[in-house]
Amino acid sequence: KQWWRDNGRSVILGCVLGVAVLFSGRYWITYQQNLASNASASYQQVLLALSEDDSSLAEDKTQQLFSEFSSTPYAIFAAFEMASQSIDNEDTLSAQSYLQWVMTNAELSAHIELARLRLAQLLLDDGKFDQSLALINESETTGFTSLLAELRGDIFVAQGKVIEAKSA
């Protein structure tokens, strides 16, 4: 009885805190699963709209992904899809804005570097050699080194700098 009087409050408080941690952890896991599920459904709607050539619906759903689900990979995937669709429609400004969004909002370096590579290629195609080269030089990872070096060589060839192109 003496031990219970001395430690009873601590035991009860510990039990209450333990239960609270368990329930809040379960709530967080459920929240993350619902977020991913909703983002996946929106991404599927983007893909469906693109396959049906309904670019306005695809744009709306992509903007929804950007605003509500920007922390999920589905927003990144939608941006890549919309950039590809914009290139197919010869709308390089929209494609550049989608790729820039990926570079700004992506968490994985592979997504950032892929967007950087594609954006640099777009800039090269538009004849913006210096901007393309500057973008390539901002790369910090080694995973895309060979692709970036190849694009650097293409830029130098387009500028007529054959020696630099061979070096790249």
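**Reading aromatic contacts in the model**

Visitor: What is the relative accessible area of Y74, and how is it classed?

Guide: Y74 has a relative accessible area of 26% and is partly exposed, a class lying between buried (under 20%) and exposed (over 50%), with a 1.4 Å probe and protein chains only. F77, at 33% relative accessibility, is also partly exposed. This is a predicted model, in which local features need pLDDT of at least 70 and side-chain atom pairs pLDDT 80 or more, while totals for chains, interfaces and linings use all residues. Residues are numbered from 1 along each chain as its sequence is written, and side-chain values use heavy atoms, without hydrogens or water.

Visitor: How many aromatic pairs does the whole structure contain?

Guide: Rings of Phe, Tyr and Trp (its six-membered ring) pair if their centres lie within 6.5 Å; planes under 30 degrees apart are stacked, over 60 edge-to-face, the rest tilted. The search finds 7 aromatic pairs. One of them, F66 with W101, is stacked, at 3.9 Å centre to centre and 15° between the planes. F66 belongs to helix α2 (residues 55-68) and W101 to helix α4 (residues 92-105), so this pair ties together parts 35 residues apart in sequence. Helices here are DSSP runs of H or I, at least four residues, numbered from the N terminus. F66 and W101 are both buried.

Visitor: Which geometry do Y74 and F77 adopt?

Guide: Their pair is edge-to-face, with 6.3 Å between centres and 90° between planes. Both residues lie in helix α3 (residues 73-88), 3 residues apart, about one turn of the helix. Ring pairs also link Y43 with Y74 and F77 into a cluster.

Visitor: Where does the charged end of R118 sit?

Guide: A charge sits over a ring if NZ of Lys or CZ of Arg is within 6 Å of the ring centre and within 35 degrees of the ring normal. The charged end of R118 sits over the ring of F80, 4.9 Å from its centre.

Technical notes: Helix = DSSP H or I, 4+ residues; strand = E, 2+ residues; numbered from the N terminus.
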